[in-house]
Amino acid sequence: METNAKNFGNQIKQIREEKGYSVRQVALNSGMSPSYLSRIENGYRDLPTNKTLYKIAKGLRISNDDILKIAGIVDGSTQLNIVPSKESIEIPIYGRISAGYPQGAEEDIDGHIQVDQNIIERYGSNDLLALRVDGESMNKVIPNGAVAILAKIDTADISNGDICGVIINGDSATLKHVYMYPDRIRFEPDSWLSEQFKPFEYSKSDIDNGEPPVQIIGKLVEMKSVF
């Protein structure tokens, strides 16, 4: 019997909860964003590619054979309903971004990284940006030195709790959980160093008046531990 996305997500969630793992823990160990894993668990996506399945297996600490069976493998080699992995493309990694999207500055390019074609197809190559994480303010979910893949989307498509790249007052981009309310925007770190990194927020009226200027440059869609 074929495994659909909803059934697959329910089984993944059950295994995670039985092991006592949070979504963020599994996502960090898998090398993907918590929001992306949540969408998989809730059945909002098609069945993942083999490459993503193996990432989930790593995060859940189960074998590749087990994850393939959960996804609908009849035996060790035959897949049902799993989209084959597609060719990736390369985009530049920026060490810092202080203004503008998506080019940044040529002198700030810190190498290049492969991005899977399914990410390209979902968001478009011109709306993707790779940013080298510099700092410990999000180290529970994104380690210092990792590469964050950001996608430019409308602010209306940002859900509270999403991790976004933000430029505040012209400083270099920082990653934070974003919470948007009718009267204010709140930015929250996610660090083991909770005493060092605190949440902060600004009123919508101040932001609308450019006090300070705030630019959300993109939403985290993938994280890669490339050092």
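Set aside the neighbours within four places in sequence, and Asn 139 is in contact with Asp 190, Ser 191, Trp 192 and Leu 193. That is a handy spot to start a look around this predicted model. Asn 139 has its place in the loop between strand 3 (128-132) and strand 4 (147-151). Is Asn 139 buried or exposed? At 14% relative accessibility it counts as buried, because the cut-off for buried is under 20%. Its side chain also makes a polar contact with the side chain of Ser 191, at 3.3 Å.

Asp 190 leads on to His 177. The side chains of His 177 and Asp 190 are joined by a polar contact of 2.9 Å. His 177 lies in strand 6 (residues 174-180), and at 3% relative accessibility it counts as buried. Who surrounds it? With neighbours within four places in sequence left aside, the residues in contact with His 177 include Arg 24, Met 138, Gly 161, Asp 162, Ile 163, Arg 186 and Phe 187.

A search of the whole structure turns up three aromatic pairs. One of them is Phe 200 with Tyr 202, an edge-to-face pair with 6.0 Å from centre to centre and 70° between the planes. Phe 200 counts as partly exposed at 26% relative accessibility, and Tyr 202 does too at 24%. Together with Phe 187, these two residues form one aromatic cluster.

| Residue | Relative accessibility | Class |
|---|---|---|
| His 177 | 3% | buried |
| Asn 139 | 14% | buried |
| Tyr 202 | 24% | partly exposed |
| Phe 200 | 26% | partly exposed |
| Asn 209 | 57% | exposed |

Asn 209, the exposed entry in the table, is found in the loop between helix 7 (204-208) and strand 9. A polar atom of its side chain lies 3.0 Å from the backbone oxygen of Ser 205.

Now for the nonpolar insides. In soluble globular proteins, nonpolar side chains tend to be buried together. The largest nonpolar core here has 20 residues, and Phe 8, Ile 56 and Ile 67 touch the most other members. Which helices supply it? Helix 1 (5-19), helix 2 (23-30), helix 3 (34-41), helix 4 (50-60) and helix 5 (64-70) each give at least two residues. Helix 4 gives the most, with four. There's a second, separate core as well, made of 17 residues, including Ala 148, Leu 150, Ile 167 and Leu 220.

Leaving aside neighbours within four places in sequence, Ile 56 is in contact with Phe 8, Ile 12, Ser 30, Met 32, Leu 37, Ile 40, Pro 48 and Ile 67.

Why is helix 4 described as largely enclosed by the rest of the structure? Because eight of its 11 residues are buried. Among them are Leu 53, Ile 56, Ala 57 and Leu 60, along with Lys 55. The cover over the buried residues of helix 4 includes helix 1, helix 2, helix 3, helix 5 and strand 9. Helix 4 is followed by Arg 61, which has a positive phi near 60°.

Helix 3 is mostly covered too, with six of its eight residues buried. Those are Pro 34, Tyr 36, Leu 37, Arg 39, Ile 40 and Glu 41. Covering them are, among others, helix 1, helix 2, helix 4, helix 6 (117-123) and strand 9 (214-224). Just after helix 3, Gly 43 takes a positive phi of about 70°.

Stepping back, the chain has seven helices and nine strands. Of its 227 residues, 43% count as buried. Among contacts with a separation of 6 or more, 61% are between residues 24 or more positions apart. The chain exposes about 11,500 Å², with carbon and sulfur atoms supplying 45% of that.

Note on methods:
Residues numbered from 1 in each chain as written. Predicted model: local features only at pLDDT ≥ 70, side-chain atom pairs only at ≥ 80, totals over all residues. Heavy atoms only, no water. Phe/Tyr/Trp six-rings, centres within 6.5 Å; stacked < 30°, edge-to-face > 60°. Buried < 20%, exposed > 50% of the residue type's maximum accessible area, 1.4 Å probe, protein only. Core = buried A, V, L, I, M, F, W, Y, C linked by side-chain atoms within 4.5 Å. Contact = heavy atoms within 4.5 Å. Areas by Shrake-Rupley, 256 points an atom, 1.4 Å probe, with all protein chains shown as cover. Polar contact = N/O pair within 3.5 Å; in protein donor to acceptor, adjacent residues only side chain to side chain.
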